[in-house]
Amino acid sequence: MIIDIHTHLGRVTREDIPVTAEELIENMDKWEIEKAVVLPLDATPEGSTFWFTTEQVLEVYRRYPDRIIPFCKLDPRQIDNSMKTDFSWILQEYKDKGCRGVGEITANLYIDDPMGMNLFAQCGEANMPVLFHLVDRIGAQYGLVDNIYLPRLERILRELPETTFIGHAMSFWAEISTDVTEETRGGYPKGLIKSPGRLQELLRKYDNLYGDLSAGSGFNAITRDPEYGYKFLEEFQDKLLFGTDFCHHNQEVPIVDYTKSVLNDGKISRTTYEKITHINAEKLLKMK
Ligand SMILES: [Zn+2]
């Protein structure tokens, strides 16, 4: 049983052939993924050309209720462009329709922007985890922003203990090593991890932080130093979630083979494998 915490449908770029629900399900069958979270891509114009809305995700969920786990997408600025916007009613509406989380949040705002904190606090009250894309600067294509060493992320983890956050993308995963720099934190830094970074510190310190292993960023973080990667998966077995970020027609997702081979080669325990591939997600998304 595998749950994928991060997929998308539709068309992302000009060149893309849209990913249909059927293609996703076909790939899930091939990759032995039983259920996949589908994250809408809408409500935030930065970096997006074509939208796949929460309502479209819910339509797909109604067609494949046993395979799809819908999330809803909200932007901290939508509805009122205010730090006091009431999101509770729309969170409840989406929850009633089956949504189990919010994201992915791609607004190019500081992660502790008052409008964001207002939305995230209400996600916590609604008991819906928040999946966010983290980048290194305002003016990046899309994604919430933090400074090097993640002081703003720490602030929201501390000030919003009722909200669960699922971290994703380059500037989240680059912090796996203390040698992260302003130059490398927006990308996919390579090399051995000689000393664990702020990411591990925050994962240890805050119960409300999880890591989404999907995409080049998550995969790079756990494979740049293979031996350290196995240790990391073991140590944070309760805080990590398997994911692909499948979003393009015919996309390769190396994490599928990686996950199976680290189990089969005895690099990680069966317990760790089960937690990362589905038990943590089931708990977080309240599926059991
Ligand atoms: Zn994504």
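Me: As I understand it, a residue is buried if 20 or more other C-beta atoms lie within 10 Å of its own, exposed if 12 or fewer, and partly exposed in between, with C-beta atoms placed from the backbone. Where does I279 fall, buried or partly exposed?

Reply: I279 has 18 other C-beta atoms within 10 Å, so it counts as partly exposed. This is a predicted model, where local features need pLDDT of at least 70 and side-chain atom pairs count only at pLDDT 80 or more, while totals for chains, interfaces and linings use all residues. Residues are numbered from 1 along each chain as its sequence is written.

Me: Which element holds I279?

Reply: Helix α11, residues 270–284. Helices (H or I, at least four residues) and strands (E, at least two) are DSSP runs, numbered from the N terminus. I279 is 276 residues from I3 in sequence, yet their C-alpha atoms are 8.7 Å apart.

Me: Let's zoom out. How many helices and strands does the protein chain have?

Reply: There are 11 helices and 9 strands.

Me: How do I read the core, and which residues have the most contacts inside it?

Reply: In soluble globular proteins, nonpolar side chains tend to be buried together. A nonpolar core here is a set of buried Ala, Val, Leu, Ile, Met, Phe, Trp, Tyr and Cys residues joined through C-beta atoms within 7 Å. The largest one has 80 residues, with A36, V38, F71, V130, F132, L144 and L241 having the most contacts inside it. Strand β5 (residues 130–135) gives the largest share, 5 residues. Take F71: leaving aside residues up to four places away in sequence, it touches partners including V38, C99, V102 and L131. A contact means C-beta atoms, placed from the backbone, within 7 Å.

Me: Now the sheets. In what order do the strands of the open sheet run?

Reply: Strands of a sheet pair through backbone hydrogen bonds, either parallel or antiparallel. Pairing here takes at least two DSSP bridges between the strands. The open sheet has 3 strands in the order β1-β2-β3, with parallel pairing. β1 (3–7) and β3 (68–70) stand at the edges with a single partner strand each, so one side of each has no neighbour in the sheet. The twist averages 25° from one strand to the next. β2 (residues 35–38) and β3 share 3 bridges, and V37 has I69 as its bridge partner in β3.

Me: Which helix lies across β2 and β3?

Reply: Helix α2, residues 54–63, running at about 150° to β3. Axes are lines fitted to C-alpha atoms, for helices over the stretch in contact, and angles run from 0 to 180 degrees between N-to-C directions.

Me: And β8: which way do its residues point?

Reply: In a regular strand the side chains alternate between the two faces of the sheet. In β8 (residues 209–212), L209 and G211 point one way, Y210 and D212 the other, and all are buried. β8 runs parallel to β7 (residues 165–168) over 3 bridges, with F165 partnered by L209. β8 also runs parallel to β9 (residues 240–241) over 2 bridges, where D212 has L241 as its partner.

Me: What should I look for in the backbone angles, and which peptide bond is cis?

Reply: Most residues other than glycine have a negative phi, and most peptide bonds are trans. The bond from G103 to E104 is cis, with omega near 5°, and E104 sits in strand β4 (residues 102–105). N127, in the loop between α4 (114–125) and β5, has a positive phi near 65°. N127 has 14 C-beta neighbours inside 10 Å and is partly exposed. L150 also has a positive phi, near 60°, and lies in the loop between β6 and α5 (151–159). With 24 C-beta neighbours inside 10 Å, L150 counts as buried.

Terms used:
Contact = placed C-beta atoms within 7 Å.
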